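Trainee: I'm new to this one and would like to learn how to read it. Can we take it feature by feature?

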Amino acid sequence: MTHASSSRTATTGSRAAVPILDLSRQYAQIRQQVLAAVERVCASQHFILGEEVAALEREIAAFVGTSAAVGCASGTDALWLALLAIGVQPGDSVITTAFSFFASASAIVRAGARPVLLDIDPHTLNLDPAQVEAHLRQGSEAGKSTRLRALLPVHLYGQCAEMDAFERLAREFQLAIVEDAAQAIGASWRDRRAGAIGAAAAFSFYPTKNLSAYGEAGLVTTNNPEFAAHMRCLRTHGSPRRYLHEELGWNCRLDAIQAAVLRVKLPYLEKWNQQRRELAARYDRLLTQSGLVSGSVNDPVRPVGISAHAHHVYHQYVVRAQRRDDLWQFLAGRNIGTEVYYPIPTHLQPVFAYLGYREGDLPESERAAREVLALPMFPELMDHEQQWVVESIAEFYS
Ligand SMILES: Cc1ncc(COP(=O)(O)O)c(C=O)c1O
């Protein structure tokens, strides 16, 4: 990725690098348990699905508060399974946000449907219910060749989308909700956990996630036993029993080593999420104390807003920054890891040119793509590292 050249030169001094994420600090805490879990799987020589995966499914369903969970090979597969389970088929369309990881929309296409990409709320950067409502009330789908089937809100950065409004709209317009909870395990909306709100929800356990595997892994939660049974079938080539294929599924099974590692980590998740929340509150305080954040729209950096009913688990701590690319490069010069999630909104991705969106169509998503910067965030991040990140940001704008 290229960055615009900075007008300021970064000086590293004697300060150590601050990684955006350092998983080795987590591994140091749980190494013995992880190695024992991997050994258990190796001793069993049972590598795909099996009791280890079934146990993880039970434990995550209990954690999220659903009656069922179905493990699979990635968060992308989880979205695809969830969409098929709720009945999405060719000729359907599904509403989602233009400001998310690519898979939120590509899974809709993979399920045979057409993504309808709508804009975000500039406060939270989550899908804006007002945009969805306007789209539905205009009857924008009338006369189109597709039938609107579902809403797919994304709980971006670990904060639930505005689920009251989406549930109301889903009821009124007879749409199913599939939550993209890939970034939000442990988050909640009012008294319900992410993953227990929609008809089905997709989680990713990609290594950077709050609950992460040692490879690729994903899972769907649902309260509908028929959906769960259908997804178990779909993840093994649409096969209800060996060598009988009633529909076209795919191979997207979860492997037992990933499940065993996830089972070691799950009991720590609440504590790790709480540590992320404390670090986020500390970033807020440090940014305010340094004079960077005062609540004005003219502040050089502005943390992404929090929704009143959302319990945020800070998969990412993200600010909107003036001269974002210059700041990014300045911090990189000090070996401070930051990242842009996401630099190109989905409606402007070349592969989706056929959907017909143009630059300017979804201005809040486009602005967010120019302004967002994720700062280092993981439970083991140290106070002095956070301090150095904020001091460096302050120095850039001084
Ligand atoms: C919002 C969102 N949806 C879907 C996915 C896809 O998950 P995976 O990478 O496990 O396929 C991700 C992962 O990065 C994500 O952040």
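Mentor: An oxygen atom of the ligand sits 2.7 Å from an N or O atom in the side chain of Ser204. That is a polar contact, meaning a pair of N or O atoms within 3.5 Å; within protein, one must be able to donate a hydrogen and the other to accept it, and residues adjacent in sequence count only if both atoms are side-chain atoms. Keep in mind that this is a predicted model, where local features need pLDDT of at least 70, side-chain atom pairs count only at pLDDT 80 or more, and totals for chains, interfaces and linings use all residues. Residues are numbered from 1 along each chain as its sequence is written, and side-chain values use heavy atoms, with hydrogens and water left out.

Trainee: How many residues surround the ligand?

Mentor: A residue counts if one of its heavy atoms lies within 4 Å of the molecule. Here 15 residues surround the ligand, and the closest are Gly75, Thr76, Asp180, Ser204 and Lys209. They divide into six nonpolar, seven polar and two charged. Ala, Val, Leu, Ile, Met, Phe, Trp, Tyr, Cys and Pro count as nonpolar, Asp, Glu, Lys and Arg as charged, and the others, Gly among them, as polar.

Trainee: Which helix gives the most to that shell?

Mentor: H3 does, with three residues. Helix H3 (75–85) and helix H4 (103–110) each supply at least two. Helices (H or I, at least four residues) and strands (E, at least two) are DSSP runs, numbered from the N terminus.

Trainee: And how do I read empty space?

Mentor: Rolling a probe the size of a water molecule over the atoms shows where empty space is left. On a 1 Å grid over the protein atoms alone, a cavity is a set of points where a 1.4 Å probe fits but cannot get out, while a pocket is an open set with protein on both sides within 12 Å along at least five of seven lines; lining residues have an atom within 4 Å of a point. The largest pocket has a volume of about 460 Å³, the space filled by probe spheres set on the points, which are joined across faces, edges and corners. Of its 22 lining residues, Phe101, Ser204, Tyr206, Lys209 and Tyr342 are the closest to its centre.

Trainee: How many cavities of 30 Å³ or more are there?

Mentor: One. About 80 Å³ of space lies in the largest cavity.
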